[in-house]
Amino acid sequence: MSIIIKQIEMIERIDQLIRMEATGPVDKLVERLHISKTKLYRIIHLMRQLNAPIEYDFQVQSFVYATSVDFQFRFFTSENDQNELAAYA
C-alpha cells in the first residue's frame, strides 16, 4: 500500500512544480526528486493518461500544463466536503 501512497505523493509534487513552471530541465528534476529519468517519464505518462495536458516548454525549460487543470486526490467524508468539491466543478 505504501507504494501507491508514494506514487500519489510524487504525482502531487510534480503537479505542484508544473503549476509553478519550476520543474527545470529533466536532469535537474530527477535530481531534485531523487528518482530516475525512467521513473519520471513513467509518472508523466501516467499523469497524461489521467488527462493532464503536460508539455515541455523549451523556453522556460520546464514542464507546463497546456491548459489550466486541477488535480485533487482525496476522500470526502461529509456532505460539506462533497459540496466543496461540487463548487470546483
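This is a predicted model: local features need pLDDT of at least 70, side-chain atom pairs count only at pLDDT 80 or more; totals for chains, interfaces and linings use all residues.
Biologist: Fine. At what angle do H1 and H3 pack?

Modeller: About 80 degrees, with the axes 11 Å apart. H1 and H3 are therefore roughly perpendicular to each other.

Biologist: Which residues make the contact?

Modeller: From H1, Gln7, Met10, Ile11, Ile14, Asp15 and Ile18 take part. H3 supplies Leu40, Ile43, Ile44, Leu46 and Met47.

Biologist: How many of the residues in that contact are nonpolar, polar or charged?

Modeller: Nine are nonpolar, one is polar and one is charged.

Biologist: Let's take Asp15. Is Asp15 buried or exposed?

Modeller: Asp15 counts as buried, because its relative accessibility is 7% and the cut-off for buried is under 20%.

Biologist: What does Asp15 contact, leaving aside neighbours within four places in sequence?

Modeller: Met47, Tyr65 and Phe71. Asp15 itself lies in helix H1, which covers residues 2–19.

Biologist: New topic, Phe71. Where does Phe71 lie?

Modeller: Phe71 is in the loop between strand S2 (62–65) and helix H4 (79–88).

Biologist: And what is the relative accessible area of Phe71?

Modeller: The value is 30%, so Phe71 is partly exposed.

Biologist: Which residues does Phe71 touch, not counting those up to four places away in sequence?

Modeller: Ile11, Glu12, Asp15 and Arg19.

Biologist: Last one: how far apart are Phe71 and Ala52?

Modeller: In sequence, 19 residues; in space, 8.6 Å from C-alpha to C-alpha.

Notes: Residues are numbered from 1 along each chain as its sequence is written. Side-chain values use heavy atoms; hydrogens and water are left out. Helices (H or I, at least four residues) and strands (E, at least two) are DSSP runs, numbered from the N terminus. Buried means under 20% relative accessible area, exposed over 50%, partly exposed in between (1.4 Å probe, protein chains only). Contact means heavy atoms within 4.5 Å. Axes are lines fitted to C-alpha atoms, for helices over the stretch in contact, and angles run from 0 to 180 degrees between N-to-C directions. Angles under 35 degrees count as roughly parallel, over 145 as roughly antiparallel, 65 to 115 as roughly perpendicular and the rest as oblique. Ala, Val, Leu, Ile, Met, Phe, Trp, Tyr, Cys and Pro count as nonpolar, Asp, Glu, Lys and Arg as charged, and the others, Gly among them, as polar.
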